[in-house]
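Biologist: I am new to this structure and would be grateful for a close look at one part of it. Please take the salt bridges as the subject and describe them in a connected account.

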Amino acid sequence: MITLISKDQKQFKGNLHCHSTMSDGELSPSELKKEYKARGYQVLAITDHEYPKHHNDLTDENFLMLTGWEAYIRPSADGRYNSFLPEVHLNLFARNSENVGYVGYDEKYNRYMKPEAKAQVQPVGIFGERDFSVEYVNSFIASANENGYIVSYNHPYWSLDEEARIFAYEGCFNLELYNYSSYKGNHLEINEPLYDRMLLRGMHMGCHGSDDNHNHKPLHHPANDSFGSYTMILADKLEYDSIFQALENQACYASCGPRIYELSVTQKEDGTYVHIECSPASSIFLRWGSKEPACIYAEPGQLLTSADLKLHKNAQFFRVNVYDENDRPASTRGYFRDEFTK
């Protein structure tokens, strides 16, 4: 048996995409910490637009601030937003909590920093005008990786980016599978079909969920974009290096509600079986990129807490979906055959 997620492994709840009053959010960094901590989160990355900034002063023994920021690349000459044009958004997470190096600094994208903050900018890596080409995006990602960051690819549906371009991007550790703010705005930002197509092409990318919250509506409002999607991080300790290493190693899963407690693979005489243990679920799916995944549904009036599903003999990867009684999903990353047969 090969264990991919262990019941003995600690899991830390985090939001990896968040905007404060430093860019276009309505809550200050300290207010964001207060609200997330009150709801059982233990990790928060405030990723303000084009604003490298650490918030180490908000870290305490029960709550960790992860240093990050969001970059965007647009086809317009002035870098302005256009709802009909595609763009690329990337979150950069710092290996060192004090790293605030500004990768790809381009003045026309820097719209939120006050003059005193601009004077403190630390440009690193690639420089010059940004270009909306696959080659430039890949150079930007490579430069970020070389300068102490890992990079996630954000909300592809909202971004209107073309699949052919997405399949050509290199160097991202994770895809933002669920983006709650975008989902609130379009009810479409659940990117599982895209993720499966990426896995089918052999892209060894993990996945996570996040809010991307701006809180333009009050927290109690039905259109508020906080606390709807998150990442469960499988780390040894609630310490910066441990959390970062877990993310870098794709030791996490995406969720909008359910929890996954155990995931293991067993080879039997008649094939390969995947064992799942989870919080109460209405259904559990085992996907491998075909039209016909394996699945099990709870009987009427009941809920599932485990399943053993047989993997197709031709599957080159699998991932697991768990759906709760409100049909909210959770998803593991894709596990490739060399990971579950070694």
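**Salt bridges in the predicted model**

Modeller: Arg 319 and Glu 192 form a salt bridge in which the closest N and O atoms are 2.8 Å apart. This pair links distant parts of the chain, for Arg 319 lies in strand β18 (residues 317–323) and Glu 192 in helix α7 (residues 192–200), 127 residues apart. Arg 319 is buried, with a relative accessible area of 1%, and Glu 192 is buried as well, at 6%. The model examined here is a predicted one.

Salt bridges that share partners also join Lys 7, Glu 262 and Glu 277 into one network. By the rule applied, the count comes to 16 salt bridges.

A further salt bridge is that of Arg 74 with Glu 87, whose closest N and O atoms are 2.8 Å apart. Both residues lie in the loop between β4 and β5 (88–94), 13 residues apart. Arg 74 counts as buried at 10% relative accessibility, and Glu 87 counts as buried at 2%.

Asp 60 forms a salt bridge with Lys 33, and here the closest N and O atoms are 2.8 Å apart. Asp 60 belongs to the loop between β3 (43–46) and β4 (64–73), whereas Lys 33 belongs to helix α1 (residues 29–38), 27 residues away. Asp 60 is partly exposed, with a relative accessible area of 26%, while Lys 33 counts as buried at 14%. In general, side chains of opposite charge can pair when their charged atoms come close.

Note on methods
Residues are numbered from 1 along each chain as its sequence is written. This is a predicted model: local features need pLDDT of at least 70, side-chain atom pairs count only at pLDDT 80 or more; totals for chains, interfaces and linings use all residues. Side-chain values use heavy atoms; hydrogens and water are left out. A salt bridge is a side-chain nitrogen of Lys or Arg within 4 Å of a carboxyl oxygen of Asp or Glu. Helices (H or I, at least four residues) and strands (E, at least two) are DSSP runs, numbered from the N terminus. Buried means under 20% relative accessible area, exposed over 50%, partly exposed in between (1.4 Å probe, protein chains only).
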